[in-house]
Amino acid sequence: MNPVLIAIVLIGVVIWVAGGKVEDYLKSTEALVFMLSPTVICLALILYEQTAALKRQAFAIITAVSCGGLVNVIAGVCLTRWLGLPEPFVQAMSTKAVTTPIALELSKSLGGEASLTVAFVLLSGIMGAVWGLPFLRRLGITDPVTSGLAIGTVSHGIGTARAQQESDLMAAAAALAMALNGMLTAFYLPYLYVWL
Amino acid sequence: MDILRGLTIIFLFWAMGETTTQLARLPIPGAVLGMLGLWVALQFKWVSYASVQLSAKGFLGLMGVFFVPPSLGILLHAERLLHYGWKLALLVVITSVLSGLTTALVYKLLNR
């Protein structure tokens, strides 16, 4: 079981039982959320440690992550529209695989709803972190770099945190995928979204 | 002392990243640029690995904790999310599976 998921469920239950407000909880934990940004900076260390191991596959990694990210955006936007969901959901689906700070910036430029955007980023992250590895394993994908790249592309930082429990190499691949997918999406989504 | 020096370096790269995105009006968040900056600096040995190691590992080890509060923000949208419940669950699962598999397969193909 994922310890982060356990903590989320426990705190949710405590707030509910105690009759507290989620808004109050969020306000009093702002300091913790603030720490996410310096943590992003620290991912550079994991990248640096694994650069030698991943350097030779640079082309394969960049191509794989771009393709995965594009599939997520295009399938997300098209399927959500096809099912007839309102526009804020379509926008939130398009940025859900991107790390929270980038998703929020994109949400601003697409005219989306910030908190819904974050909710989808987290749904995507938690889902990939909890079921991503078992799913890949069932398909026979056990290679740490392949798994790490797939999880980082779909589940950004939450997936990277999960990959870190497996191995440093998987964490590096996930962190690299997260960074690449976040940056690439930030560049093309504002143009692609208008077109879709 | 080591931790303090590491923290200073980390926050310095964060500040540089934020300043760059603000001045150049880039859509990329400052923290991501800062990460790239620190990575480049480590590669070229402008910053030594040992000087940031302790503090950076501290942040990374606690990363899961930092994600807990925003995750509970989902509760604020519980009603809307449940209204479209199975459709949303299906959408998130299908697109994530497609995306993850695309990344894994393309990588496997190119890396053969």
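How many Å separate the centres of domain 1 of chain B and domain 2 of chain B? Taken over C-alpha atoms, the gap between the two centres comes to 30 Å. Domain 1 of chain B runs over 1–61 and domain 2 over 69–112, with bounds from an automatic or database domain assignment. The model is predicted, so to speak of local features pLDDT has to be at least 70, side-chain atom pairs count only at pLDDT 80 or more, and totals for chains, interfaces and linings use all residues. Residues are numbered from 1 along each chain as its sequence is written, while chains are lettered from A and ligands numbered from 1 in the order written.

Chain B has six helices and zero strands (DSSP runs numbered from the N terminus: H or I with at least four residues for helices, E with at least two for strands). The radius of gyration of chain B, over C-alpha atoms, is 20 Å, well over the 13 Å of the globule rule for 112 residues (2.2 Å times the number of residues to the power 0.38), so chain B is more spread out than a compact globule. Its C-alpha atoms fill a box of roughly 50 × 45 × 30 Å along the principal axes.

Chain B puts 55 residues into the contact and chain A puts in 81, where contact needs C-beta atoms, placed from the backbone, within 7 Å. Helix 6 of chain B gives the largest share of the chain B side, 16 residues. By class, that side has 39 nonpolar, 14 polar and two charged residues (nonpolar: Ala, Val, Leu, Ile, Met, Phe, Trp, Tyr, Cys and Pro; charged: Asp, Glu, Lys and Arg; polar: the others, Gly among them).

How values were computed. Contact = placed C-beta atoms within 7 Å.
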